[in-house]
Amino acid sequence: MGFACGLVGLPNAGKSTIFNALANAGARVECYPFCTIEANVGSAAVPDTRLDRLATLFPEKKKVPTHLDVIDIAGLVQGASEGEGMGNQFLSEIRVVDAILHIVRCFEDPNVAHVTGSIDPLRDIGIVETELLLKDHETLSRVAARLHGESRGPDRHAPAREAAWNVLVEQVARGHPVRSVPIAHEIADLVRETSPLTAKPCLFVANVDDGGENEYSRAVFAAARERGAEAVMLRGRLEAEIGEACSTPEERAAYLGEYGLSETGLTALVRAGYRLLNLITFFTVEGPEVRAWTVPVGTTARAAGGKIHSDFADRFVVAEVMTLDDLLRTGSEKVLRDAGKIRRAGHDALIADGEVVHFVCA
Ligand SMILES: Nc1nc2c(ncn2[C@@H]2O[C@H](COP(=O)(O)OP(=O)(O)OP(=O)(O)O)[C@@H](O)[C@H]2O)c(=O)[nH]1
Ligand SMILES: [Mg+2]
């Protein structure tokens, strides 16, 4: 799996709708709650106009975007941790994700039931956050019991580990997400392994109707600001429709134009996800493909090669790096080479966002 985002939210918030829009996947969408039972796993192509522009230089090659994985799970309700609704066992399905997209219903529609009877983003956000915290409390407490046992064994570091862990459990019990709690070094690895849900970066998604911004979406943005988090607004149903109806970027642009929009909310969502995960994109023009790749900020040239093929890391000699702007401006790698505009990046040199990279291997 690459970089993955998990969708959470109340039933009928529009998670599967947004999942379909992202992954073009045809997951089941219904106007009644708990339509989703088994998790839907999909892959979202990352829209990137830079790749589109690069591809125009190589019309004979196939354009391959980079992808983020997305996981759509069942809706959460108040009391899920005590077995209400679908319970919260399915939350384990998103333990593997790198970030959480918290989908908040910001549309009114009498045909789409709301589990608590009214549209109220702040209350809804509170319910979901509480359930995530309760799930973490459950998971962390299980580990606490184990650490307690270890404290009575021969490992002399065990008591300090247990004490630090208990501080964390206590903070979570008080309603502090793990990401806001300073983690003692004794337990840093264990926290990473345990992968608590509230340690993951979170992006709020205000799912609005075709009309766009409204009082509900503004409430979501305010809640996000208060938490030091980002929010994006998305016309979930419209975006899903556009995804189904349009197969080319031109058709999409025309459809969006009808609503006075120039960029899909999905593009904004994926971009925000990138920022959240500290990811960058680099490009390759190799064989029959022009292709975008995703790596974390701070990736070395050798590791970037390994992303493409493990062989590239093993046999890495050097990476020849061009900026996309230089390449687009001159239209030719040869011109850049003659002008000495190609950077030679060794094993440990870092790759930057938007660079076009050619790996030279032994
Ligand atoms: N009016 C309107 N309806 C929407 C929008 N987004 C989703 N819906 C509708 O809301 C209903 C629920 O959408 P789903 O995507 O199935 O919701 P969910 O969050 O996956 O729900 P569960 O799987 O039950 O947790 C469907 O009837 C959608 O068509 C929107 O932006 N506007
Ligand atoms: Mg669903």
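Predicted model: local features only at pLDDT ≥ 70, side-chain atom pairs only at ≥ 80, totals over all residues.
To colour them, select 4–47 + 66–128 + 199–275 for domain 1 and 298–361 for domain 2, bounds that come from an automatic or database domain assignment.

Residues are numbered from 1 along each chain as its sequence is written, and ligands are numbered from 1 in the order in which they are written. Local features need pLDDT of at least 70, side-chain atom pairs count only at pLDDT 80 or more, and totals for chains, interfaces and linings use all residues, while side-chain values use heavy atoms, with hydrogens and water left out.

Next, select ligand 1 and the 25 residues around it, each with a heavy atom within 4 Å of the ligand; Lys-15, Ser-16, Thr-17, Phe-34 and Thr-36 come nearest.

Now turn to the polar contacts, which are pairs of N or O atoms within 3.5 Å. A polar backbone atom of Asn-12 is 2.9 Å from an oxygen atom of ligand 1, one of Ala-13 is 3.2 Å from a ligand oxygen, and a backbone N or O atom of Ser-16 lies 2.9 Å from an oxygen of the ligand.

How much of ligand 1 does the protein bury? Taken alone the ligand exposes 660 Å², and the protein buries 95% of that, with accessible areas from the Shrake-Rupley method and a 1.4 Å probe.

Finally, select helix H1 (15–23), which gives the largest share of the shell, three residues, and then helix H7 (236–245), which gives two or more; helices here are DSSP runs (H or I) of at least four residues.

Definitions and conventions:
Polar contact = N/O pair within 3.5 Å; in protein donor to acceptor, adjacent residues only side chain to side chain.
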